Amino acid sequence: MKNLSLLSFCFVLFFTACNIDDDLIQDYQEPSITIQNNSGVPVTKLILSENYKFSATFLNDVGASKNELITWQSSDESVITINSNGLAMAIGLGTSEISATAINNNPKTKVKTPISKVVTSITINEVLLIENTISEIALNNTYRYNVKYFGEETITWTSSDSSKATIDNEGVITAIRLGQVTISASVTENGKTYSVETMATVTGVTLRISNPITTSLVIGKTHKYLYEFSESTIPTITWKSSDTSIATIDSNGLVTAVAAGNTTITATTVEGGETIRATTSLEIKGAASKTGTLSGSYSLAGTVTLTSTSLSFMNFVSTAPDTHIHLTNNPSSIANGMKVSGNNKVSGSSFSLALDNIDINNYTYVVAVCERFGNIILGHATLN
């Protein structure tokens, strides 16, 4: 009897152990390391003494997050060092491979194979870096370069041709004469000199009309031109229209459209005895128009003319007590139209309602309504 009981106990124990192993097999997954910020790794922009923080996530073989088990390695610590928190620092020139490693810590797993993932390979080939290069600098202007450098040594700035441009100890360049010049920043560390270069081109004094009209100007309309000048002084600008019968322009750059056609607007100044000009073309268009004839109830009649700046009426008649005018695209509704008569009812035989430079192609009908009767539509004119 005792032997039977012992046999039964062993059977239960064996059965339970099998169930535990089955659970382990069902829950098992491949351990993994995921790099969190690999897209932002400065592969070529990391310079000597600069640092960068890497981060990663480690999941063990049952999907548990165990980031604290991650260790970071640098393949060449004479180039880059990296601490246990993933903070890498460039300490020498060369190339180093950064990797993250973790060992599966699940106590129920017999195999403790390290999981390793290479993050990136970084090349350190610069000790300093000019961050804000400039291609062109106007004559007599200045510009300050910013240099990225993490050491304590003094940076030396030089110009390849000081007759064209000089540069001071703070990296401020001054343009003196037209032409190209090479600007160098250098530093000496442990007896070795490192340098970086950039090219700059000194250009002449420039004058530019900053807000030209890119389409056209309608007769009667005005536009005030503005300018940009490369010098720090405020210039005296002379404005001119090549054809004043098309457009006139005053001393402040305010142009007025006179007649349909084309003209050239010129801004002129004198700097250092040199005459400097900027030009822009200008097209003047006539005020396009549409016309129509009013008809409807309450004796509605008259002729209407629509331009971008006005809606004019000739021989207008309406016996309704409170007539108002709308521009619409539906002769039977004013819901999506534009009221042009303001707060006062229209009256008189001939009059004009002002418009704010509208696109006349956006409207097809002039509709008259009686507001006193709840905006009842009296009639309309079709614009052609």
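Nine aromatic pairs are counted in this predicted model, where rings of Phe, Tyr and Trp (its six-membered ring) pair if their centres lie within 6.5 Å, and planes under 30 degrees apart count as stacked, over 60 as edge-to-face and the rest as tilted. Tyr298 belongs to the loop between strands S27 (290–296) and S28 (301–306), and Phe373 to the loop between strands S33 (365–370) and S34 (376–382), so the pair ties together parts that are 75 residues apart in sequence. Strands are DSSP runs (E, at least two residues), numbered from the N terminus. The accessibility of both partners is tabulated below; buried means under 20% relative accessible area, exposed over 50%, and partly exposed in between (1.4 Å probe, protein chains only).

| Residue | Relative accessibility | Class |
|---|---|---|
| Tyr298 | 36% | partly exposed |
| Phe373 | 43% | partly exposed |

As the model is predicted, local features need pLDDT of at least 70 and side-chain atom pairs count only at pLDDT 80 or more, whereas totals for chains, interfaces and linings use all residues. Residues are numbered from 1 along each chain as its sequence is written, and side-chain values use heavy atoms, with hydrogens and water left out.

One aromatic cluster consists of Tyr52, Phe54 and Trp72. S4 runs antiparallel to strand S7 (residues 94–103), to which four bridges join it; two strands pair if DSSP finds at least two bridges between them. Opposite Ser74 stands Ile98 in S7.

An open sheet of three strands has the order S11-S15-S14, with antiparallel pairing. Strands S11 (142–144) and S14 (165–167) stand at the edges with a single partner strand each, so one side of each is left without a neighbour in the sheet. S14 and S15 (residues 172–175) are joined by three bridges, and Thr166 has Thr174 in S15 as its bridge partner.

The lining of the largest pocket comprises 12 residues, of which Val218, Gly286, Ala288, Ser308 and Ile358 lie nearest its centre. A pocket here is an open set of points on a 1 Å grid over the protein atoms alone, where a 1.4 Å probe fits, with protein on both sides within 12 Å along at least five of seven lines; lining residues have an atom within 4 Å of a point.
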